[in-house]
Each structure stands twice: as C-alpha cells, then as structure tokens.
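Biologist: I have a model open and want to learn how to read it. Where do we start?

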Amino acid sequence: MAQITESIDVDVPVTTAYNQWTQFESFPHFLQEVESITQLDDTHVRWKVNVGGAEREFDTEITEQHPDERVAWKSIGGDTEHAGVVTFHKLSDTSSRVTAQIDWEPQGALETVGSWVGAGTHAVKKDLENFKEFIEKRGTETGAWRGDVEN
C-alpha cells in the first residue's frame with residue numbers, strides 16, 4: 001500500500017478551512033481528479049473520479065470527524081481501496097495548516113508505476129494548492145457540517 005502525506009498553510013482561520021473541507025460535494029472545484037461527489041448521509045459519500053483516463057467509482061465511510069481537528073475515512077466498496085485523514089492545525093487567528101495523509105492501493109500497471117515515480121504525491125500536493133487558492137479567494141466557506149463522528 002502506498003502512503004502520501006502533504007501539508008499546506010492557508011490564510012484562513014482553522015474553522016473556515018475545516019468547514020469547507022466538510023463540504024464534500026464542493027471537492028470537484030479543487031480536487032483535479034474528482035468528477036463528482038454525492039453525500040449519501042452524515043458518514044457515507046459516493047465518489048466518481050478520473051485517474052489517468054480511468055474512471056473509478058467508490059463509496060467512502062467517514063470513520064472519525066472532530067470539528068476543527070480531523071476528518072478520517074476509508075473506502076467501503078467500488079473500484080479503489082484507500083483510507084486517509086485530513087487534519088487541521090491553528091497557526092494563528094487568521095491562518096491554519098491542512099495536512100492530508102492518504103493510504104492507497106494502486107490498481108493496475110499505470111497506477112503502480114505512477115506510485116513509484118511519485119505521481120500520487122504530486123497530485124495531492126496540487127490538490128492542496130488548489131484548496132488553498134479556492135478558500136483564500138472566497139475568504140469564507142461554502143457551508144459547514146459541525147457534527148462529531150467517533151471511531
């Protein structure tokens with residue numbers, strides 16, 4: 001299983017960064033490979049992605065979620081196997097650090113080679129940069145879910 005860990009500092013309060021991250025259906029605005037996301041309920045999300053020209057669909061379950069701290073998930077079916085956590089750290093009243101850690105199982109030769117050459121790491125880094133641009137340009141979140149999910 002491949003593991004990716006990347007961080008980015010954003011010039012918005014930690015609550016703003018966290019609140020935006022809970023708006024899963026907005027992910028296509030800043031996650032390049034995501035075509036659509038459907039929130040099924042408080043802890044289940046259906047993803048449609050396009051990775052290197054290969055379309056994949058899968059569901060994830062939110063396994064842990066604590067406001068302004070973390071959102072963790074795991075895949076529960078579909079074309080891909082992965083899990084991850086995004087954590088949020090207050091740097092100041094107006095800035096925060098967002099860290100993504102993703103564990104994933106490459107599917108097929110293209111993804112296996114891609115994981116060897118760091119394509120996944122590059123993609124996650126670019127997605128975090130896109131998130132930074134999206135949230136800093138807006139200055140505020142598009143919504144929020146402040147519920148708590150225990151592991």
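Modeller: With strand pairing. Two strands pair if DSSP finds at least two bridges between them. This is a predicted model. Here strand S1 (residues 2-10) and strand S7 (residues 95-105) pair in the antiparallel sense over nine bridges. Within that pairing, Glu-6 stands opposite Ala-100, and Ala-2 has Trp-104 as its bridge partner.

Biologist: Which strand does S6 join, and over how many bridges?

Modeller: Strands of a sheet pair through backbone hydrogen bonds, either parallel or antiparallel. S6 and S7 run antiparallel, joined by eleven bridges. Thr-87 faces Thr-99 of S7 across the pairing.

Biologist: Which residues of the largest nonpolar core touch the most other members?

Modeller: In soluble globular proteins, nonpolar side chains tend to be buried together. The largest core here has 34 residues. Val-10, Trp-21, Phe-27, Trp-47, Phe-88, Val-98 and Phe-131 touch the most other members. Helix H3 (residues 119-138) gives the most to this core, with five residues. Take Phe-131: leaving aside residues up to four places away in sequence, Phe-131 touches Val-10, Ala-17, Gln-20, Trp-21, Phe-30 and Val-98.

Biologist: Now the aromatic rings. How do I describe a pair?

Modeller: A pair of aromatic rings is described by the distance of the centres and the angle of the planes. Centres must lie within 6.5 Å, and planes over 60 degrees apart count as edge-to-face. By this rule the count comes to eleven aromatic pairs. The planes of Tyr-18 and Phe-88 meet at 85 degrees with centres 5.4 Å apart, so this pair is edge-to-face. Tyr-18 sits in helix H1 (residues 14-21) and Phe-88 in strand S6 (residues 81-92), so the pair links distant parts of the chain, 70 residues apart. Tyr-18 is buried at a relative accessible area of 0%. Phe-88 is buried too, at 5%.

Biologist: Are Trp-47 and Phe-58 stacked or edge-to-face?

Modeller: Stacked: 5.6 Å centre to centre, with 15 degrees between the planes. Trp-47 belongs to strand S3 (residues 44-51) and Phe-58 to strand S4 (residues 54-66), so the pair ties together parts eleven residues apart in sequence. Both residues are buried. Trp-47 and Phe-58 also belong to one aromatic cluster, whose members include Tyr-18, Phe-88 and Phe-131.

Biologist: Which element has the lowest mean pLDDT?

Modeller: Read pLDDT as the predictor's confidence in each residue, from 0 to 100. The lowest mean among the elements is that of helix H2 (residues 108-116), at 49. H1 has the highest, 98. Over residues 113-118, pLDDT stays under 50. For that stretch the model has five contacts beyond four places in sequence. The protein as a whole averages 89, and 90% of the residues score at least 70.

Key: Residues numbered from 1 in each chain as written. Predicted model: local features only at pLDDT ≥ 70, side-chain atom pairs only at ≥ 80, totals over all residues. Heavy atoms only, no water. Phe/Tyr/Trp six-rings, centres within 6.5 Å; stacked < 30°, edge-to-face > 60°. Helix = DSSP H or I, 4+ residues; strand = E, 2+ residues; numbered from the N terminus. Buried < 20%, exposed > 50% of the residue type's maximum accessible area, 1.4 Å probe, protein only. Contact = heavy atoms within 4.5 Å. Core = buried A, V, L, I, M, F, W, Y, C linked by side-chain atoms within 4.5 Å.
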